[in-house]
Amino acid sequence: MNWKYGWVITSFLWIQFIAPTCGFSTGITIKGTEKFQNMVSNALFLLQIKTPAAYQIITNNIEIIDESTHSGMEASITHPTFDLNDRSAYFSPTWCAGVIAHDSFHSKLYHDYQKSHAGKMPDDVWIGHAAEQKCLKHQTQVLQEIGAPKAEIDYCAAISPAYADVPYTNRNW
């Protein structure tokens, strides 16, 4: 057996069967069904072991991950919350990890600007096309680092930032 596939199988077994029972904790509150909580915990664990730098961005910039009808980052509230849609959460463990990393980068952009500037937050700092390009680049890099399937990496790399124009309530991801 190729060592890479052995690592993938070992990681999968750990994520599916061991991590949920050993009290793995991220410091992030995960709200939703038990199935949702397990999927998000597994994705976070995958990020922690495969890309510690991205994991640190997540834990520094998201306090709550909430199962929701639509996906989006609420960075400006007291407890930065990532609303995560089931379609994105359950697509695959790697895709779930990638979208968490993506939205944590939105929150990072928001909070980094806030730390060094007083006054009103310009939206284009953390949302809009330019911000989406930065977040998509980060997500693509994370997907590569965690060993996501090539199809997921290629899809993410080809996404147009124009989807940022879709109103939150119309997002089905």
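Entry 1, the core. I looked up the largest nonpolar core and found that it has 41 residues, those with the most contacts inside it being V40, L44, I65, L84 and I100. A nonpolar core is here a set of buried Ala, Val, Leu, Ile, Met, Phe, Trp, Tyr and Cys residues joined through side-chain atoms within 4.5 Å, where buried means under 20% relative accessible area, exposed over 50% and partly exposed in between, with a 1.4 Å probe and protein chains only. At least two residues of this core come from each of helix 2, helix 3 (52-61), strand 4, helix 5, helix 6 (129-145) and helix 7 (150-158), and helix 5 gives the most, with 9 residues.

I note that this is a predicted model, in which local features need pLDDT of at least 70 and side-chain atom pairs count only at pLDDT 80 or more, while totals for chains, interfaces and linings use all residues. Residues are numbered from 1 along each chain as its sequence is written, and side-chain values use heavy atoms, with hydrogens and water left out.

I then listed the contacts of L84 (heavy atoms within 4.5 Å), leaving aside its neighbours within four places in sequence, and found among them F36, V40, I65, E67, C96, V99 and I100.

I counted 7 helices and 4 strands in the protein, taken as DSSP runs numbered from the N terminus (helices H or I of at least four residues, strands E of at least two). Along the sequence they follow the pattern α-β-α-α-β-β-β-α-α-α-α.

The 4 strands form an open sheet in the order 1-2-4-3 with mixed pairing, two strands being paired if DSSP finds at least two bridges between them. Strand 1 (29-31) and strand 3 (72-74) are the edge strands, each pairing on one side only, and the twist averages 20 degrees from one strand to the next. Strand 1 runs parallel to strand 2 (residues 64-68) and is joined to it by 3 bridges; I30 has I65 as its bridge partner there. Strand 2 and strand 4 also pair in the parallel sense, over 5 bridges, and E67 stands opposite L84 in strand 4.

Helix 2 (residues 34-50) lies across strand 1, strand 2 and strand 4 (81-85), at about 145 degrees to strand 1, whereas helix 5 (residues 93-116) lies across strand 2, strand 3 and strand 4, at about 145 degrees to strand 4. Axes are lines fitted to C-alpha atoms, for helices over the stretch in contact, and angles run from 0 to 180 degrees between N-to-C directions.

Helix 5 and helix 6 pack at an angle of about 140 degrees with their axes 8 Å apart. That makes helix 5 oblique to helix 6, since angles under 35 degrees count as roughly parallel, over 145 as roughly antiparallel, 65 to 115 as roughly perpendicular and the rest as oblique. The residues that meet include W95, V99, H102 and F105 in helix 5 and C135, L136, H138 and V142 in helix 6.

The C-alpha atoms of N42 and T94 are separated by 9.4 Å, although the two residues are 52 apart along the chain.
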